[in-house]
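Hello,

Here is the structure I promised to pass on. Have a look at it first, and then read my notes below.

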Amino acid sequence: MTLPTDFPKVVLHDHLDGGLRPATILELAAASGYDGLPAGDEAGLAAWFDQSGSGSLVGYLAAFDQTVAVMQTPEALQRVAREAVEDHAAAGVVYAEIRFAPSLHTREGMSRSEVIAAVLAGLAEGEAATGLPARVIVDAMRHAADSSEVAATAAEFAGRGVVGFDLAGPEAGYPAVAHAEALRLATEAGLHLTIHAGEAAGPESIADALSAGAERLGHGVRVVDDVTVEGGRIIARGPVAAEVHSRRIPLEICPTSNVGTRAVASLEAHPARMLLEAGFVVTLNTDNRLMSSTTMDGEFALAAGVLGFTTADLRAVTDHAVAAAFCDEQTRAAVAGRVAEGHTAA
């Protein structure tokens, strides 16, 4: 099945520091005097960053050291954010939620507030140029001690482009419930919660995220560790999977990334369509476009060509994403209209 390029897509899980253009990295490194890049040309750099087939979580995560290194000024952040919107628009995206951890961008003196403001300015530029509305999810790192400060800063921008709060980083040994104060500050400010869970750890991490108030699960793919499969179909659900299913908790699934980080063994073995057929609220996402060498066009093509998604399936996951988006209702209605129009045209 070949989808038209303008088939409408909604991305809910996309990391700003995981989606830079190689050419931009080179230019930002030159401007800042950063000399630690692993390659000095665009093709070589793109090849080094492509971790889609590495099967190494260590290698996948190490790539972020390079992108974060060149994202330490307001100008760099604004440019990267603008280009993220432009690149998503080119891949047929009609709404995007882009996340980042502001604490990672304060090495050269920016405050967290300045970081968020610079990203929002870039997203606004991108939206003005493309018509693609993009909103921000602010990440705190599970293994860091500053989650409450991050949440308080995110709260300052509630209603001004920041729509959600997330916990990212290592799941094992760093429970979401340990960040209860941060999660409280975020929700009291009106921010929605999505928590990385069920990627590097299994159902126990998902249960922890749910108990901490997660409205969506970042990845959540390892919910399959809590189901019984027979003949390629889910025939029974354990307690965690049953809660995710019954509460209609959206899964922010990122197929190519899931292979690169070893959350699943291969694309062919990815359970996304099986989960969809079993009634789970599946959405498809990019996660890190640079490290996974992907776009939303690419993820949809893989879903159709490798995972067996039909056009109806792709429409369903897009509708799920529209319903699960953290934006205001006026924006949601406008996005839903663009999706419906695109589906009719397709």
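Strand β6 (residues 216-219) and strand β9 (residues 251-253) run parallel and are joined by two bridges. Within this pairing, Gly218 has Glu252 of β9 as its bridge partner. Strands here are DSSP runs of E with at least two residues, numbered from the N terminus, and two of them pair if DSSP finds at least two bridges between them.

This is a predicted model, so to speak of local features we need pLDDT of at least 70, and side-chain atom pairs count only at pLDDT 80 or more, while totals for chains, interfaces and linings use all residues. Residues are numbered from 1 along each chain as its sequence is written, and side-chain values use heavy atoms, with hydrogens and water left out.

Both strands belong to an open sheet of eight strands with parallel pairing, in the order β1-β2-β3-β4-β5-β6-β9-β10. At its edges are β1 (9-15) and β10 (282-284), each pairing on one side only.

Now to the side chains. The charged end of Arg216 sits over the ring of Phe326, 3.7 Å from its centre, and that of Lys9 sits over the ring of Phe300 at 5.7 Å. (The rule: NZ of Lys or CZ of Arg within 6 Å of the ring centre and within 35 degrees of the ring normal.)

Trp48 is partly exposed, at 32% relative accessible area, whereas Phe49 is buried, at 0%. (Buried means under 20%, exposed over 50%, partly exposed in between, with a 1.4 Å probe and protein chains only.)

Enjoy exploring!

Methods. Helices (H or I, at least four residues) and strands (E, at least two) are DSSP runs, numbered from the N terminus.
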